Amino acid sequence: MFAAGPAAADGDAEGRAGDRPPKDSGRRGCRYVIRGGAVMSMDPNVGNFAAADVLVEGSKIVDIRPRIRAAGAGVIDARGRIVLPGFVDTHHHLFETAERAFLANGLLLDDHSGSPSASPNYGEHVLRGFARNYRPADVYINSLFAGLSQLDTGVTTVLDVSQIHHSPEHTDAAVQALVDTGRRSAFGFFEGDGRAAARYPQDAYRLRDRWFSSDDQLVSMVMGGELHLGRQVYTRAWAIARELGLRIAAHSVGSWGMRPVFDDLAQGAAGVEVGPDNLFIHMTGMSDRTWRRLRDAGAQVSLAFPIEMTMRHGTPPILKMQQLGMEPSLSSDVETTMAADPFTQMRSAMTMQRMTVNQMVLDQGDLVPPNNWPTPAPGTPELLTVRDVLRYATVNGAKHLGLDGKTGTLTPGKEADIVLLDATALNVAPLNSVPGAVVSLMDRTNVETVIVAGEVRKWKGQLLGADLPRLRRELETSRDYLFAATGLTQDLFAWS
């Protein structure tokens with residue numbers, strides 16, 4: 001779409017749209033225009049445009065409007081494309097990539113039923129199985145490959161819930177992978193398996209000094225503060241996080257037995273105080289009192305709809321959040337069981353909520369005319385719309401990670417985290433609704449161009465700067481080692 005050279009565009013000497021991305025994109029002084037796309041900014045102060053231009057200079061968005069004149073700027077031809085802010089995933093375990101689809105049927109825990117879904121399961125086979133055998137090199141290649149895969153789907157920002165910190169070497173490998181992926185990431189410093197070499201949570205001080213001494217970088221840090229680890233551990237983790245100014249993330253899963261400690265948190269008896277710096281993941285099976293406490297404290301909630309429905313975490317609590325006036329961000333959780341692309345997350349959220357509410361409405365009638373299509377009773381939750389789930393996947397994700405000053409919307413002055421989605425493709429054309437097409441029709445094949453902080457990372461459907469065949473071989477080598485170390489036979493048909 002881009003080629004250097006003189007051209008006339010509305011009288012400006014702009015680079016002619018061609019086959020190469022802008023040279024030195026993302027670097028200081030590099031200017032280019034994303035021209036003629038259907039722009040959905042997700043910022044009400046900027047608005048939406050059936051056809052408009054986005055001017056990028058260095059790492060920042062400079063202007064958004066129709067017919068921008070930018071002499072000497074390069075051009076990305078966005079005609080027939082939808083231009084959106086990059087998607088944000090607020091909870092993904094990147095280190096588990098070698099076990100993709102291993103738990104296609106798997107539950108969170110063994111229910112002792114003898115069902116094929118009970119074994120293998122996540123608790124026994126992943127956390128207490130594979131994870132204990134990871135070497136730093138395995139952490140690195142798994143996290144890097146997962147990050148590039150998500151970048152390919154348009155996810156420009158992620159919270160890596162990294163529960164693999166068996167040693168400082170494991171930790172540094174995880175952070176290095178995020179840096180080398182080259183997308184915006186929040187590194188979640190969670191626990192490891194508790195071996196003697198582990199340094200959680202006190203290694204946060206070293207990490208802050210070595211990796212996160214500046215806030216002006218793509219990779220930031222979040223503290224894992226799991227309440228189920230016991231009071232001595234989580235109170236220390238929360239205290240360190242607040243001393244260092246880090247956000248705190250924690251799982252909250254009733255079916256894992258976490259409800260009692262969250263009840264203590266709500267009652268002020270847990271030894272820590274919940275606040276707006278908290279992000280809680282799942283929130284399935286929690287009491288009304290806990291919900292109200294978190295809402296009143298300004299805490300955030302990340303929902304992983306496909307995983308929660310599939311692995312028996314519990315029903316995603318979207319109706320409870322609507323009742324309380326809260327909104328979630330979206331997360332992919334584990335590729336051991338489900339795809340990590342934003343389209344899966346958005347469609348799952350919308351269809352699950354609408355299924356539940358639609359049946360609720362139908363149950364208010366008797367399925368016999370004229371009461372077979374009843375008017376929803378007062379208090380019935382509103383149906384989610386495509387705009388709602390797009391907001392969850394962009395604006396809310398950035399806000400929940402404390403990155404809304406940098407990303408989440410297309411706003412002049414923010415970082416240029418931008419995706420171009422092909423609306424001329426066979427599965428989309430003709431384009432009749434921008435948000436409708438993105439949520440209800442698109443998949444990763446429509447993600448044509450991905451830009452992070454002004455730098456083009458994917459161009460015309462191809463990731464740039466990544467030797468994918470070599471990385472895939474390294475991931476396969478890691479998988480082979482992990483299966484052998486865990487004592488599991490590799491069989492392409494055994495585990496599902």
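**The interface between the domains**

Author: The protein chain falls into domain 1 (19-86 + 411-476) and domain 2 (88-356). What follows describes a predicted model. Taken over C-alpha atoms, the centres of domain 1 and domain 2 are 29 Å apart. Where they meet, 26 residues of domain 1 are in contact with 24 residues of domain 2. Between them, domain 1 and domain 2 bury about 2,100 Å², and 65% of this lies on carbon and sulfur atoms. On the side of domain 1, the residues that lose the most area to domain 2 are Val439, Arg444 and Leu475, which together make up 30% of what that side buries.

Charged pairs also span the two parts: the count between domain 1 and domain 2 is four salt bridges. Separately, Lys458 forms a salt bridge with Asp152, with the closest N and O atoms 2.9 Å apart. Polar contacts across the interface of domain 1 and domain 2 come to nine residue pairs, both residues at pLDDT 80 or more.

As for secondary structure, the elements giving two or more residues to the side of domain 1 that touches domain 2 are helix H12 (434-440), strand S17 (447-452), strand S18 (455-459) and helix H13 (468-486). Of these, H13 gives the most, with five residues. By residue type, the side of domain 1 that touches domain 2 divides into 15 nonpolar, three polar and eight charged residues.

Technical notes:
Residues are numbered from 1 along each chain as its sequence is written. This is a predicted model: local features need pLDDT of at least 70, side-chain atom pairs count only at pLDDT 80 or more; totals for chains, interfaces and linings use all residues. Side-chain values use heavy atoms; hydrogens and water are left out. Domain bounds come from an automatic or database domain assignment. Contact means heavy atoms within 4.5 Å. Buried area is the accessible area (1.4 Å probe) that two parts lose on being put together, summed over both. A salt bridge is a side-chain nitrogen of Lys or Arg within 4 Å of a carboxyl oxygen of Asp or Glu. A polar contact is a pair of N or O atoms within 3.5 Å; within protein, one must be able to donate a hydrogen and the other to accept it, and residues adjacent in sequence count only if both atoms are side-chain atoms. Helices (H or I, at least four residues) and strands (E, at least two) are DSSP runs, numbered from the N terminus. Ala, Val, Leu, Ile, Met, Phe, Trp, Tyr, Cys and Pro count as nonpolar, Asp, Glu, Lys and Arg as charged, and the others, Gly among them, as polar.
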